[in-house]
Amino acid sequence: MIAVHNVSKEFPGVRALDEVSFNVKRGEVHGLVGENGAGKSTIVKILSGIYTDYDGEILVNGNPIAFHSVRDAQDSGIATVFQELSVVKDLNVAENIFLGREPLKRGGIIDRTLMNQRTLEVMEFLDEPMPVNEMVGNLSVASQQIVEICKALVTNPKVIIMDEPTSSLTEKEVAQLYKIIGQLRDRGVTIIYVSHKLAEIFTICDSITVFRDGKHIDTVPTTETDSEKIIQMMVGRTLKMLFPPRSVKPSDEVLLAVHDISRSGEFENVSFDLKRGEILGFAGLIGAGRSELAKAIFGATRLSSGELEINGSGGKRFNHPREAFQNGISYLPEDRKGEGLLLQASIKENMTLAILKKLKLSKTRSERRERRLVKKYAEDLQVKMVSIDQIIEMLSGGNQQKVIVARLLMTESSVYIFDEPTRGIDVGAKYEIYKIMNELTEQGKGIIFISSELPEVLGVSDRIACMREGQLVRIFSQADANPEAIMRVLAGGDA
Amino acid sequence: MEGISLERRKFRLPISMVGLILFNVLLFIGLSILSPTFLTLRNMRSLMVRMSELAMLTFAQTLVLINGGMDLTVGSAMALSGTIAGMLFKVGAHPVIAVLGALVTGIVIGTLNGFLVVHLKIDSFIATVATNSILRSVVYLLLRGRVLSGFPKNYVLLGSVNLLGIPLLFVLVIVFAIILHFFLRKTALGRSVYAVGANINCAHISGIDTNFVKYFVFVASGLLSAIGGVFYTIRIGAMIPDAGLNSPLEVVTAALIGGASVKGGKGSIFGSLLGILAMYVLINGFNLLGFNPFWEVVLLGIVLITIVGQSSMKKVVKMSRASRRGRAA
Amino acid sequence: MRTKNRLQRLIQVRELPLLAFIVLLIIFFSITIKGFMTVQNFAMISRQITTVGIVSIGMTLVLVTGGIDLSVGAILSFAINIGGLLIIRGLPIAITYPFILLLGAIMGTINGLLIVWLKVPAIIVTLGTMNIFRGAIMIITRGKYMTQIPDGYLWIGSGYTPFVIFVILLVIFEFTLRRTRFGRNIVAIGSNEQSALYSGVPVNWFKILVYLLSGIFSALAGIIFIGRSGFIQPQAGIGYEMNSIAAVVIGGTSIYGGSGTIIGTFLGSFLMGLILAGITMLAVNAYWQGVINGLLIILAISFDTLRQMRRE
């Protein structure tokens with residue numbers, strides 16, 4: 001059905017896809033797996049017509065194709081459900097589904113009767129049809145996702161690409177999605193299912209393609225493999241080599257104790273403590289409330305109840321990140337571009353952002369002192385750069401992340417909250433981030449490490465806190481933590 | 001070796017700034033050749049005096065633009081502060097009191113704008129469309145639509161005082177430019193102004209009190225506009241109800257030409273000063289050469305679109321080049 | 001059931017509080033002002049709001065796409081001043097009117113093309129073209145007024161003619177925004193441009209079209225302006241950009257794009273006209289108008305913010 005032949009795609013500084021070739025058979029559910037940054041999203045964007053500029057060839061039904069736009073791909077029978085929601089919140093359900101292909105009467109007037117009727121037809125497979133006239137902005141995130149799926153269905157595609165379609169769905173909704181996928185397969189539609197959740201892949205896919213570091217590793221039928229093998233292909237080396245060894249054990253001294261904190265609508269009655277020299281991992285599915293918890297501890301948002309105890313002094317709550325810094329807590333945000341960086345500013349400006357007051361800029365020679373400080377940290381963390389005046393946008397994700405880590409190190413905090421610090425950076429840079437975390441524990445700091453990659457949480461943490469739907473369900477010690485047990489807890493099995 | 005190149009980098013000016021300086025220099029040379037009256041002491045002095053109040057407004061606007069906002073009240077704040085000063089003079093107030101009255105007016109206006117933007121979360125453009133409308137009306141109401149004169153002689157004479165041969169008002173403009181430049185580069189608050197404009201979420205997460213910074217910037221803008229109002233009354237010796245009617249957009253243009261961006265996080269005081277200088281030299285030159293002065297307006301529009309357009313085109317070209325390289329590899 | 005749904009939806013309509021406010025204001029004025037509730041007075045109000053009102057229709061479309069057009073006043077002035085050169089030479093209306101509208105269309109298209117091609121924010125492009133157009137007027141006309149306007153040009157600005165034109169346009173474009181592909185697609189562009197692009201909406205083309213329409217509306221407002229004042233001046237249309245943005249925003253259109261209605265814009269223009277008439281007749285200093293308009297904008301936006309917060 002689809003033959004990808006020697007496709008490469010390069011961005012400034014990164015080779016996102018490197019001579020990738022694989023085939024997708026007609027009528028199958030084809031799983032596409034790989035770690036973040038493996039190149040999954042890039043191939044999706046090429047197949048869906050967003051990236052029109054790449055090397056290599058793509059054949060559909062034996063014919064070479066070159067899409068100029070998303071619309072072009074749709075007209076060739078390939079529709080995509082994108083990872084980021086691309087619904088238009090100010091249009092209603094029917095208008096969203098038919099956006100850009102509205103049935104028209106004369107004079108460009110939309111034929112609403114026909115459009116609503118066809119919307120209902122498309123939504124027939126749902127147990128409960130959605131109100132076609134409702135503004136999409138008023139719908140739940142899950143319903144918005146379903147609108148997106150319907151939007152893909154209405155083009156009558158031969159191939160549907162689903163890029164992480166379950167990232168914002170509850171379990172019940174995921175089951176419904178599986179049902180939809182089953183029906184589509186029965187109708188002869190080919191599905192490319194992109195996910196990093198192996199459980200999902202093994203549930204619904206007929207064959208699996210593995211990507212790593214922009215390269216195609218293998219394509220295998222699901223029946224002839226198991227998750228162990230797939231993981232090995234994904235990470236490319238055994239877990240032990242992936243994570244640097246720890247040299248110190250956490251002490252018994254509590255650095256940060258969290259007492260019964262809640263924030264309405266996000267998380268409830270969470271209590272835990274973090275010891276000196278400890279890495280406390282936080283596992284959970286997306287939407288479990290881990291980032292929300294981290295932000296509230298840090299004072300970026302406000303707690304509704306509960307309190308923090310830091311180095312033995314209790315009764316604390318932060319109303320602003322500044323207060324958290326003053327108390328020795330720092331936070332590396334999950335959303336690097338949105339919250340972590342001043343993209344157009346220099347490495348220097350980005351690095352010293354949290355210690356501007358301490359720099360005493362008005363004093364003489366402050367400039368030289370600042371530059372020296374930045375250079376020292378850049379060298380310590382091995383930031384690859386031309387100079388500290390380079391605009392940070394030009395760096396690779398891993399180096400950008402190191403600059404943000406340096407920003408936090410400069411505050412000389414005792415507790416570091418790292419929220420998905422390795423997201424979207426390459427394997428080498430990941431290893432270096434782990435090393436930095438190890439060094440911090442050697443210096444007696446405590447780290448809260450939030451990650452959606454289970455192997456990573458398991459490989460790095462001393463203890464693992466599992467969150468589900470805003471609750472801290474259980475904390476595993478490293479001894480009794482294993483992927484299956486944790487997955488069971490995260491997905492809502494026993495606690 | 002690397003250390004040397006880094007230290008030297010400190011003194012390197014951005015290319016757009018070099019272009020702007022070059023433009024100004026060429027303009028000066030060209031006009032000196034074309035018009036015998038251009039490079040006379042008298043013309044230079046009058047040029048400096050005339051641009052002084054708008055330079056202050058440009059500084060005000062630059063701060064707000066760097067911070068990621070826009071302040072359309074700079075013109076009406078200037079007019080209202082000048083009016084308040086004039087009315088205080090009318091009731092026989094001491095000049096210090098009158099000037100203080102003007103400055104307080106500016107601070108109050110800035111606080112009001114800050115309140116709308118920070119607490120009511122209204123976009124600064126539309127918030128200041130509203131306050132500008134209110135302030136301008138208050139000016140008309142206070143002046144009853146008439147020109148307010150009767151500023152004391154000694155006060156008005158300040159406009160023709162020279163310091164080392166340079167008009168006092170322009171000296172003050174330069175002093176303010178230096179102070180603001182150092183404020184932006186050499187204080188934590190000044191650097192925070194850039195950070196908030198570049199990425200407010202990142203600034204917040206990095207412990208910067210973004211609300212305070214925004215407030216501060218609007219108050220500073222009000223205060224600088226009020227100083228502009230004082231300069232205006234010194235220069236004209238009267239307050240005209242329509243004073244500064246078109247200033248907000250004029251000074252936005254000057255600041256953008258000087259390297260600021262409507263998206264925030266960029267801009268410099270000296271860039272803006274060069275921007276407003278270019279505008280005034282152009283006006284002056286066109287006057288002296290007997291051109292229709294409105295050519296200047298047209299030219300400014302073209303310069304604005306091409307400068308901003310060129311920088312975004314550069315980005316597009318860079319990206320397509322990068323991807324082409326990728327294909328060749 | 002169906003009627004109840006309709007009723008519910010009606011209550012959620014953004015325009016209702018605005019309408020209620022207008023009714024209250026009319027009641028207030030008719031009690032406090034003798035001769036307010038007269039046909040003549042409302043005829044006068046309707047004439048007064050028409051020019052800015054027509055410009056505001058175009059502005060609504062522009063704001064809905066997430067753009068802004070600061071050049072509307074300059075386009076108005078440019079179109080009638082250049083068109084005026086033909087008018088005083090005695091060319092027939094059949095030539096001059098289309099010519100003026102064509103000028104508006106061309107200038108609007110220039111805005112659109114610059115925004116789409118250069119990818120420069122609309123606020124900068126239209127700030128630039130505002131300067132260019134305004135300067136060009138003064139250079140070409142040398143700042144002279146044109147007073148010898150034939151009587152034939154006055155018809156369009158007298159009696160109920162302007163208002164009828166305004167209402168017809170309101171109806172057409174309210175329908176366009178709600179019912180046509182163009183209307184729904186520009187909402188999509190303003191709400192989520194990337195999604196619109198991925199869905200095959202001709203984003204660039206529709207953006208250009210929106211500025212083109214804004215240009216035509218400005219020129220049309222200019223034609224009515226000639227009819228009302230009986231002369232052409234280079235300063236025509238100064239402040240129209242801000243007044244029309246005010247009317248549109250009071251009418252509930254978001255300056256971030258994606259939502260807005262033509263009816264709201266009409267109510268916004270009407271409210272501003274009503275207050276002007278009221279304070280004029282109350283013999284209150286007319287300068288209060290600016291204060292009231294400013295307060296209205298702040299009120300309207302705070303109200304919207306509040307509503308949005310409650311929705312979330």
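**Figure 1. Burial and make-up of chain B.** Of the 329 residues of chain B, 54% count as buried (under 20% relative accessible area; exposed is over 50%, partly exposed in between, with a 1.4 Å probe and protein chains only). The model is predicted: local features need pLDDT of at least 70, side-chain atom pairs count only at pLDDT 80 or more, and totals for chains, interfaces and linings use all residues. Residues are numbered from 1 along each chain as its sequence is written, chains are lettered from A and ligands numbered from 1 in the order written, and side-chain values use heavy atoms, without hydrogens and water. Chain B has 14 helices and 2 strands (DSSP runs numbered from the N terminus: H or I of at least four residues for helices, E of at least two for strands). Of the chain B contacts with a separation of 6 or more, 77% join residues 24 or more positions apart (contact: heavy atoms within 4.5 Å).

**Figure 2. Helix 3 against helix 8 in chain B.** Helix 3 (residues 41–66) of chain B and helix 8 (residues 168–186) of chain B pack at about 15 degrees, axes 8 Å apart (axes are lines fitted to C-alpha atoms over the stretch in contact; angles run from 0 to 180 degrees between N-to-C directions). The two helices are therefore roughly parallel (under 35 degrees; over 145 is roughly antiparallel, 65 to 115 roughly perpendicular, the rest oblique). Helix 3 of chain B passes helix 8 of chain B in a left-handed crossing (near helix turned anticlockwise from the far one by less than a right angle; clockwise is right-handed). Helix 3 of chain B contributes B:Met48, B:Ala55, B:Phe59 and B:Ile66, among others. Contact residues of helix 8 of chain B include B:Phe170, B:Val173 and B:Leu184. The contact residues divide into 15 nonpolar, 1 polar and no charged (nonpolar: Ala, Val, Leu, Ile, Met, Phe, Trp, Tyr, Cys and Pro; charged: Asp, Glu, Lys and Arg; polar: the others, Gly among them).

**Figure 3. Helix 5 against helix 11 in chain B.** Helix 5 (residues 95–119) of chain B and helix 11 of chain B pack at about 150 degrees, with axes 7 Å apart. Their crossing is right-handed. The contact residues are 14 nonpolar, 8 polar and 1 charged.

**Figure 4. Helix 9 of chain B.** In helix 9 (residues 188–198) of chain B, 9 of 11 residues are buried. Among them are B:Arg191, B:Tyr194 and B:Val196. The buried residues pack against helix 13 (347–351) and helix 14 (366–380) of chain A, and against helix 3, helix 8, helix 10 (200–205) and helix 11 (210–236) of chain B.
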